Amino acid sequence: MIVLNGGSSSGKSGIARCLQAVLPDPWLTFGVDTLVEAMPASMRTSDAGIEFAPDGEVIVGPEFRTLETAWIEGVVTMARAGAGVIVDEVFLGGAASQQRWQKALGGLPVLWVGVRCESAVAAAREVARGDRVPGMAVSQADVVHQGVTYDVEVDTTRSESMECARIIAAHIG
C-alpha cells in the first residue's frame, strides 16, 4: 500500500495516476474525495458530517468519522486481499490522522509519502481547478504534515507528477 498525504491541490491525484502508469502491477487508487463524494449530500451540509467553510477550513463531525473508519477498513481489506492500493489522503489532523490509518493497517507493508507544495503554488492550482473552496490549499499546505512520519517526500512545487511518481516507485520493493 502507498499512502500519499498532502494538502488540497498539492498534486496527489496526478501522482497517483502516474504511479498507476509506472508501477509494473495494477494498482487501485482511492482518495478521501472518493469517500466524500460517496456520502449523501446531507452529510456535506451537517455539522455531524463534513463542512467546507467559506475560508477553506474543513470541519469533520462524528458521523463523518464513523463512515471514514468503515471506509479505511474497507480499503485496508482490499490491500490485505492482495490488491495494490494507492491512497490519496489529506491528514487534517496531522499525526492523529496517520495513527488512524496505522491502527487499521496493522502489519501491512506501507510506503508513507509526503506530498508537499508551496502554498502559493497550490493556491494558484486551486483557482485554476475551480472545484475547490478558495483557501483550502493554503490552510492545509503545512498542517497536514504536522507530526507525520514519512518514508519518502516529494515536492510538486517545481516537479511534475511523473517525476514524483518515479521517485516514489523506486521505493517500492
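How are H3 and H4 oriented to each other? They are oblique to each other, a word used here for angles that are not under 35 degrees (roughly parallel), over 145 (roughly antiparallel) or 65 to 115 (roughly perpendicular).

Before the details, some ground rules. This is a predicted model, in which local features need pLDDT of at least 70 and side-chain atom pairs count only at pLDDT 80 or more, while totals for chains, interfaces and linings use all residues. Residues are numbered from 1 along each chain as its sequence is written, and side-chain values use heavy atoms, with hydrogens and water left out.

Helices first. Two packed helices are described by the angle between their axes and the distance between the axes. Helices here are DSSP runs (H or I, at least four residues), numbered from the N terminus. Axes are lines fitted to C-alpha atoms over the stretch in contact, and angles run from 0 to 180 degrees between N-to-C directions.

Helix H3, residues 62–80, packs against helix H4, residues 95–105, at about 45°, and their axes are 9 Å apart. The crossing of H3 and H4 is right-handed, meaning that the near helix is turned clockwise from the far one by less than a right angle. Contact means heavy atoms within 4.5 Å. On the H3 side the contact includes Arg 65, Trp 71 and Val 75, and on the H4 side Arg 100 and Trp 101 are among the residues. By class, this contact has seven nonpolar, no polar and five charged residues. Nonpolar covers Ala, Val, Leu, Ile, Met, Phe, Trp, Tyr, Cys and Pro; charged covers Asp, Glu, Lys and Arg; the others, Gly among them, are polar.

The other pair is H1, residues 12–22, with H7, residues 161–169, at about 60° and with axes 8 Å apart. That makes H1 oblique to H7. Their crossing is right-handed. Ile 15 and Leu 19 of H1 are among the contact residues, as are Met 162 and Ile 168 of H7. This contact divides into nine nonpolar, two polar and one charged.

On a 1 Å grid over the protein atoms alone, a cavity is a set of points where a 1.4 Å probe fits but cannot get out; a pocket is an open set with protein on both sides within 12 Å along at least five of seven lines; lining residues have an atom within 4 Å of a point. Points are joined across faces, edges and corners, and a volume is the space filled by probe spheres set on them.

The largest pocket has a volume of about 580 Å³. Of its 33 lining residues, the closest to the centre are Val 32, Asp 33, Val 90, Arg 132 and Met 136. Helix H2, residues 32–38, gives the most to this lining, with four residues. The lining has 12 nonpolar, eight polar and 13 charged residues.

The second largest pocket is about 180 Å³. Trp 27 and Ile 172 are among its lining residues, and the lining has no charged residues.

Conventions
Helices (H or I, at least four residues) and strands (E, at least two) are DSSP runs, numbered from the N terminus.
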